[in-house]
Amino acid sequence: MVGFITASGHNTRGLQVPRISHFFGISIYMFHNDHPTPHIHVYYGEYGATMNIQPLEVMEGKLSARTLRLVREWAVLHRDELIRNWNRARKRRNVIEDRTAGAIQCHIIF
């Protein structure tokens, strides 16, 4: 199952954006046709940030210290999957959310 958000949820430029993970109330999204430099979009409550995948740094926005720590821990565990999903998204292939909290799987959908 893929989760989506629209502009009513967070600023996604009016696009539907696949949620690749959700844990402890933190949502992780990856745009399909986004700017270069592999990155993710992170939302928690009123906070939101864009983070590079390598290195794991906030590019834009703000997260609480606790949220940032949790996202970094999660991203380290899933870095290879994140890069594969980024490459898949750049080729306009879908990324799929795993049903296990905090985990992502890489599937190709044609």
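Reader: Which residues have the most contacts inside the largest nonpolar core, and how many residues does that core hold?

Author: In soluble globular proteins, nonpolar side chains tend to be buried together. In this predicted model, the largest nonpolar core has 20 residues, and those with the most contacts inside it are I28, M30, I40, V42, M51, W74 and L82.

Reader: Which elements give two or more residues to this core, and which of them gives the most?

Author: The strands β2 (17-23), β3 (26-29), β4 (39-44) and β5 each give two or more residues, as do the helices α1 (65-77) and α2 (79-90). The most comes from α1, which supplies five residues to this core.

Reader: What pattern do the elements follow along the sequence?

Author: The protein has two helices and eight strands, and, read along the sequence, they follow the pattern β-β-β-β-β-β-α-α-β-β.

Reader: Turning to one residue, is N52 buried or exposed?

Author: A residue counts as buried when its relative accessible area is under 20%; N52 has a value of 12% and is therefore buried. N52 lies in strand β5, which covers residues 47-52, and, leaving aside residues up to four places away in sequence, N52 touches T37, P38, H39, E57 and M59.

How values were computed
Residues are numbered from 1 along each chain as its sequence is written. This is a predicted model: local features need pLDDT of at least 70, side-chain atom pairs count only at pLDDT 80 or more; totals for chains, interfaces and linings use all residues. Side-chain values use heavy atoms; hydrogens and water are left out. Helices (H or I, at least four residues) and strands (E, at least two) are DSSP runs, numbered from the N terminus. Buried means under 20% relative accessible area, exposed over 50%, partly exposed in between (1.4 Å probe, protein chains only). Contact means heavy atoms within 4.5 Å. A nonpolar core is a set of buried Ala, Val, Leu, Ile, Met, Phe, Trp, Tyr and Cys residues joined through side-chain atoms within 4.5 Å.
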